[in-house]
Amino acid sequence: MTTIKNAYSPGTFLVQAQQLGQCLERYYAECQSLGGRTLPTLDPDRYVEMAEELLERPKADFRELVELALKFSHRLHDPRYMGHQVPPTIPTAALFDTIGKATNQGAAVFEMAPFGTAAEKALIQKMGQMIGWTKGKFAGIGTHGGTLANVTALLAARNVRYQDGWKQGFANSSKLKPAIMTSAESHYCIARACGILGIGTEQLIKVPVDKKRRMDTGEARRLLDKAKDQGLDVFAIVGSACTTPTGSFDNLREVGQLAKDYGLWFHVDGAHGASFLFSDKHRHILDGIDLADSVAWDAHKMLFVPALCTYLFYKDAKHSWEAFSQDAPYLFDPSDPQGMAEFDGGLRTFECTKGAMSLGLWGVWSLYGKEFIASLIEKAVENTHILYEKISKSNDFEVAHEPQCNILCFRYLPAEQKNISSQDLSSLQQKIRQQLLHDGEGYITGTKLNGEYWLRVTVINPLTDESHLRALLGKIRTVGAVFSPSSLPRGGI
Ligand SMILES: Cc1ncc(COP(=O)(O)O)c(C=O)c1O
């Protein structure tokens, strides 16, 4: 066993930090040289066993433990990684985040993280203005993740509409049932929010999507007109920017107008897509976001910083106080003239202890500038369009939609297989993905669209280039030919 003195020794820390740096340097180099599998063989029982074994018999070798953890990590920094909406973080952002971890700053209370809290406030000021709102009028708060930001925003919306809801609850209410409207393809956390907030998932009205897989606003109006007859009081509408399966952006201007016409709270789930506000090239896709009452924005997706780092914005600053209502005088005392209520985020967040999550984003923005972050976003979108072009021109793939950002769904479908059943076609894609996971040469995901299974990529690694996209399609062809009901010719791209 080590001693307390040794564990807290600055010298020990420096040695370990240097070793960690060396291990990560090798890890990043291997990722970039495609020197191994993108993800390790998925053997959960063995990993748990290895981890448990070390808990029982601790090792004195820091480097060995780091290497073990890295060896069995998913390599998001491998340019063949095109999986979920989780980016390979800018390594420097992770270093800045380490400041908060190593010093354990608690950003719910200004006193516990003076600079961490200030960095969050500064980012919120800048990003809120990017939404199109006026400095001084809006407010924002950091939360641990987009799910929590969406739930919090809808809780604020609920409390604004039903002033006694926080204290009285809804159990014995004989009035119209509170309801929320969103697109049929919105993220599952919106339905989860309805469960959590006592709205009930059955009171989530899911509006069908149009050909571009965006909320059909004509249909939304029709459903709103019907809602009262069904005993519903729709108080909020959630626009997706963008949806998770296909990266489709709802027409926020139309949804915003509809919210105004019907007196609804307009929330934008911009977990993935709000970051496109950074790019002069792509900002237009968020036209109308300024009409929102609240916006959820994950920095740990398209701003390339480590999870979790999310911001929830309210157009009207006073709404930021509506979600929660509790007394904790030992922490926050709004009547205290020396109080920091404006900076003590804890009154406005679900979390009590909260990490200083903003240091990573503040650090890379301050070091490299906003344009650098925009360039990462633009590269991801450009790559997605290259892939889309390749697939569209090929004779053995089918694309599900034109990409609106860096998410694309497609499937392997050579001419000979055009008549296979929908079920077999889905099963073929599933087998292809399973084999890719097994072989470890890259990583993609899948999703269901209209009941059929499609391959899905989020092209999110800025080091991905045309050669990796070509290799992915080549690999799918090779695997697809093996699993196809009959032998297949190879299409050329
Ligand atoms: C549109 C959308 N909303 C919300 C979320 C949930 O965000 P988080 O994973 O940060 O909780 C996601 C995650 O992928 C998403 O795509």
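Modeller: Helices (H or I, at least four residues) and strands (E, at least two) are DSSP runs, numbered from the N terminus. This is a predicted model: local features need pLDDT of at least 70 and side-chain atom pairs pLDDT 80 or more, while totals for chains, interfaces and linings use all residues. Residues are numbered from 1 along each chain as its sequence is written.

Colleague: Thanks! Where is Asn-450 found?

Modeller: Asn-450 is in the loop between strand 10 (445-449) and strand 11 (452-458). Its phi is near 45 degrees, positive although the residue is not glycine.

Colleague: Is Asn-450 buried or exposed?

Modeller: Count the other C-beta atoms, placed from the backbone, within 10 Å of its own: 20 or more means buried, 12 or fewer exposed, and in between partly exposed. Asn-450 is exposed because it has 7 such neighbours inside 10 Å. Phe-304, with 24 within 10 Å, is buried. Phe-304 also has a positive phi, near 65 degrees, and sits in the loop between helix 12 and strand 7.

Colleague: Which residues does a cis peptide bond join in the loop with Leu-308?

Modeller: Ala-307 and Leu-308, with omega about -5 degrees. Leu-308 lies between helix 12 (299-302) and strand 7 (310-314). Another cis bond joins Ala-241 and Cys-242, where omega is about 10 degrees; Cys-242 is in the loop between strand 4 (232-240) and helix 11 (252-262).
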